[in-house]
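Here is a short briefing on one protein chain. Look over the sequence and the structure first, then read the notes below.

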Amino acid sequence: LNNGMLRWPELNPMITQYFGYNSILGYFHDGIDMTSGYRSPIFAAKSGTAYLKRIVVGSWCPLRYRWGSYQYGIEIVHPDGTKTIYHHILPP
């Protein structure tokens, strides 16, 4: 992030969970959770085509979700074929 290829999707975010194995919770977290505050704007990490996705939650989130529940997210497909995915976001 901020390496000239991707920008941070939030302004001055606080990282709430890092990528990698979480020994306290006992599972591998395959993303970076961050917040700039409730209802803060979210920006695309780089340009592309955005798609709204309904996702079956594959893990348990202590804040909002249960096993097998649904959440919505945004997937952005970038011209070079990479994707960025935004979960745990609230609708406007």
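Rings of Phe, Tyr and Trp (its six-membered ring) pair if their centres lie within 6.5 Å; planes under 30 degrees apart count as stacked, over 60 as edge-to-face and the rest as tilted. By this rule, the structure holds one aromatic pair. The rings of Phe19 and Phe28 have centres 5.2 Å apart and planes at 85°, so this pair is edge-to-face.

The model is predicted, with local features needing pLDDT of at least 70 and side-chain atom pairs counting only at pLDDT 80 or more, while totals for chains, interfaces and linings use all residues. Residues are numbered from 1 along each chain as its sequence is written, and side-chain values use heavy atoms, with hydrogens and water left out.

**Overall make-up**

- The protein chain has seven strands and zero helices; helices (H or I, at least four residues) and strands (E, at least two) are DSSP runs, numbered from the N terminus.
- Read from the N terminus, the order of elements is β-β-β-β-β-β-β.
- Of the chain's 92 residues, 24% count as buried; buried means under 20% relative accessible area, exposed over 50%, and partly exposed in between (1.4 Å probe, protein chains only).
- The accessible surface of the chain is about 7,000 Å², and 59% of that belongs to carbon and sulfur atoms; such areas come from the Shrake-Rupley method with a 1.4 Å probe, and for residues only the protein chains shown count as cover.
- Among contacts (heavy atoms within 4.5 Å) with a separation of 6 or more, 41% are between residues 24 or more positions apart.

**A nonpolar patch**

- Phe19, Tyr21, Phe28 and Ile32 make up a nonpolar surface patch with about 480 Å² of accessible area together.
- Patches are made of residues with over 30% relative accessible area and no salt bridge, where like charges are joined within 9 Å and nonpolar side chains (Val, Leu, Ile, Met, Phe, Trp, Tyr) within 5 Å; a salt bridge is a side-chain nitrogen of Lys or Arg within 4 Å of a carboxyl oxygen of Asp or Glu.
- Phe19 counts as exposed because its relative accessibility is 54%, whereas Phe28, at 47%, counts as partly exposed.
- Ile32 lies in the loop between strand 3 (27-29) and strand 4 (33-35), and at 42% relative accessibility Ile32 counts as partly exposed.

**A buried strand residue**

- Asn22 is in strand 2 (residues 20-22) and counts as buried because its relative accessibility is 18%.
- Leaving aside neighbours within four places in sequence, Asn22 is in contact with Gln17 and Tyr27.
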